[in-house]
Amino acid sequence: MTTQSRSLRLADTLSRAPFAWPSGYPLHAITSDGACLCRHCCASERLCIATTTGSDGWNVIALAVNWEDPELFCDHCSDRIESAYAEA
Ligand SMILES: [Zn+2]
């Protein structure tokens, strides 16, 4: 599988199913440069993700749950990334 197709597959998975199953925890995407992307950006920036060079910041390498970081923001749109446990 190429970098682009893996990156796109993860982004599409997140767009379709933004919550981990069966726990229901909200997911976000991690890029190869360690940035976070929210599910909205995975949908709106799909073309960038599908054509990533692998090192341009659009290479999605994993989906992850934000367990309890209230200060986690999407590196593209700056929206807060929902955490699994409500803020204290
Ligand atoms: Zn975003």
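The model is a predicted one.

The chain contains three helices and three strands, and from the N terminus these elements follow one another as α-β-β-α-α-β. Its radius of gyration is 12 Å, close to the 12 Å that the globule rule gives for 88 residues, so the chain is as compact as a globular protein of that length. Along the principal axes, the C-alpha atoms fill a box of roughly 40 × 25 × 20 Å. Of the contacts with a separation of 6 or more, 57% join residues 24 or more positions apart. Buried residues make up 23% of the 88 in the chain.

The sheet comes next. Strands of a sheet pair through backbone hydrogen bonds, in either a parallel or an antiparallel arrangement. Here the three strands form an open sheet in the order 2-1-3, with antiparallel pairing. Strand 2 (36-37) and strand 3 (60-65) stand at the edges and have a single partner strand each, so one side of each is left without a neighbour in the sheet. Helix 1 (residues 3-16) packs on this sheet, where it touches strand 1 and strand 3, and its direction makes about 30° with that of strand 3.

Strand 1 (residues 27-31) pairs with strand 3 over five bridges and with strand 2 over two bridges. Ile30 illustrates both pairings: it stands opposite Ala62 in strand 3, while its bridge partner in strand 2 is Cys36. The hairpin of strand 1 and strand 2 has four residues between the strands, and Gly34 in this hairpin takes a positive phi near 85°. Four of the five residues of strand 1 are buried, so this strand is largely enclosed by the rest of the structure.

In soluble globular proteins, nonpolar side chains tend to be buried together. In this chain the largest nonpolar core has 14 residues, and those with the most contacts inside it are Ala11, Leu14, Ala29, Leu37, Cys42, Ile49 and Val60. Helix 1, strand 1 and helix 2 (39-44) each supply at least two residues of this core, and the largest share, four residues, comes from helix 1. Setting aside residues up to four places away in sequence, Ala11 touches Ala29, Cys42, Arg46, Ile49 and Val60.

Definitions and conventions: Residues numbered from 1 in each chain as written. Predicted model: local features only at pLDDT ≥ 70, side-chain atom pairs only at ≥ 80, totals over all residues. Pairing = 2+ DSSP bridges. Contact = placed C-beta atoms within 7 Å. Axes fitted to C-alpha atoms, helices over the stretch in contact; angles between N-to-C directions. Rg over C-alpha atoms; globule rule 2.2 N^0.38 Å. Buried ≥ 20, exposed ≤ 12 C-beta atoms within 10 Å, placed from the backbone. Core = buried A, V, L, I, M, F, W, Y, C linked by C-beta atoms within 7 Å.
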